Amino acid sequence: MRNGLETKLEPKPRLIDGMTQAAGRHGYAGATVARVVEQAGVSRATFYEHFADKEACFLAAFEQAAEPIELALGRIEASHTPQHRAAAFLDDLLAYVVHDPAAARVLLVEAMAGGTRAREARERLSLRLEETLERWLDWAGKGGIRLTVSGRAIIEGTAGILVIRSFRGETARLAEIRDDLLTWINSYVVLGERPRLNPDQWRQLGAGLVRERPARLPARGGLPRGKSAATPEVVAANQRERILDAVAVQARHKTYAGTTVADVVKAAGVTREAFYDLFRSKEDAFLAAQNAGLEASVSQAAACFFCGADWPSRVWDGLEALLGYLAQEPDLVYVEIIESYAAGPAAIRRSFDNRMAYTLFLEDGYRENSTAEGRPRLCSEAIAAAILGLMRWQVREGRTERMMELLPQAAFVALAPFVGPAAAIELVEAKAAAGGPPAA
């Protein structure tokens, strides 16, 4: 409980605080009604007098956790010059996470697992932050100093850094990364009057790279029967692939929580016995689907990345291959980017590990020039988080098959800290211009 006011609070705020503490300690899945009422010191009947279900209580906890963030926006806008607002907000955000780690975990991590209403509330907060930051960045550029990166990329990169540390219980050490995080943000600063690209302009820049209706990879079917039947090992491998495909499809259309093993075996065309011969549980199959998606996407990106003549071009080529693959596999993308938080701690940890795997493609960036050599390694983590966040929005907006729209912005986010924002935007504009006319 906060501020030593347990006995003075009315039941509803005590329940909200109980949910915050339970979710902060056990995650959304572990924040059961039993744990919430125990934390709040009220009866189960009292819980249902105030909330229809656990999801409604969690939504109230999220809204309470979000309130200080929204208040900070107004306070900073009124008391800081445009050039200093982003840094001031970063300081406020880090202080908030350190001061109230349970609320921060609700806000940053568990909201993505807390049901449809909590996800939508988190998206609304993110949009308000993005709109405010875009306004601040435009004003900050009036004096000839401007951040060329989008507000969305900054928010997603920063949130990605904080999400991992909140989940791992490392928020007490956030002061140690404050300067490195600010260095990453400031690596997108340029001098001069070059106009910033807003989110719509970034999307328009990538529109010419989209190919209409990218060909979906063929679905895996069953093996032929009869005398020429395959060996048991081949049969098991085929069944495993079909199960992983089915897990992805079902999780996308029915959510992870709403998907059952019965749904998976029916969609895969296998028996329940075959499923349990290969996987211990639905969660085990989900983790395997996550891993399969990572292996395939990294393989696609690496095949193109290592063929380029110079590192900036290789980054473009690798991202182009990655985004093209994701456009073909909307179900696997949804599993990794959206549903992984709902599948529990193991899936969340796997998602973090998957994100860090992509930072390997940025290693050569630190050898581009003397400025790049001095960049903190946190830049790689923030870049990967920012690009993943951009992809998440593309998926949530139902634009997975137009994932290639993100290529110019994603490449700019990856390149600018190392080659400089002016050189990075010049490269991505040239690459985008060579990409052909927009799809119809």
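Guide: Let us start with how elements are named: helices (H or I, at least four residues) and strands (E, at least two) are DSSP runs, numbered from the N terminus. This is a predicted model, where local features need pLDDT of at least 70 and side-chain atom pairs count only at pLDDT 80 or more, while totals for chains, interfaces and linings use all residues. Residues are numbered from 1 along each chain as its sequence is written, and side-chain values use heavy atoms, with hydrogens and water left out.

Visitor: How is empty space found?
Guide: Rolling a probe the size of a water molecule over the atoms shows where empty space is left. On a 1 Å grid over the protein atoms alone, a cavity is a set of points where a 1.4 Å probe fits but cannot get out, and a pocket is an open set with protein on both sides within 12 Å along at least five of seven lines; lining residues have an atom within 4 Å of a point. Grid points are joined across faces, edges and corners, and a volume is the space filled by probe spheres set on the points.

Visitor: Which helices each supply at least two residues of the lining of the second largest pocket?
Guide: They are H1 (11-30), H7 (116-140), H11 (232-254) and H17 (345-357). H1 gives the most, with 5 residues. The pocket has a volume of about 340 Å³, and among its 27 lining residues Ala113, Gly115, Arg119, Ala257 and Ala342 are the closest to its centre.

Visitor: What is the volume of the largest cavity?
Guide: About 510 Å³. Of its 32 lining residues, Ser297, Leu322, Tyr358, Ile387 and Met391 are the closest to the centre. By class the lining has 21 nonpolar, 7 polar and 4 charged residues, where Ala, Val, Leu, Ile, Met, Phe, Trp, Tyr, Cys and Pro count as nonpolar, Asp, Glu, Lys and Arg as charged, and the others, Gly among them, as polar.

Visitor: And how do I read two packed helices?
Guide: They are described by the angle between their axes and the distance between the axes. Axes are lines fitted to C-alpha atoms, for helices over the stretch in contact (heavy atoms within 4.5 Å), and angles run from 0 to 180 degrees between N-to-C directions. Here the axes of H11 and H16 (residues 330-337) come within 8 Å and cross at roughly 70 degrees. H11 is therefore roughly perpendicular to H16 (65 to 115 degrees).

Methods: Parallel < 35°, antiparallel > 145°, perpendicular 65-115°, else oblique.
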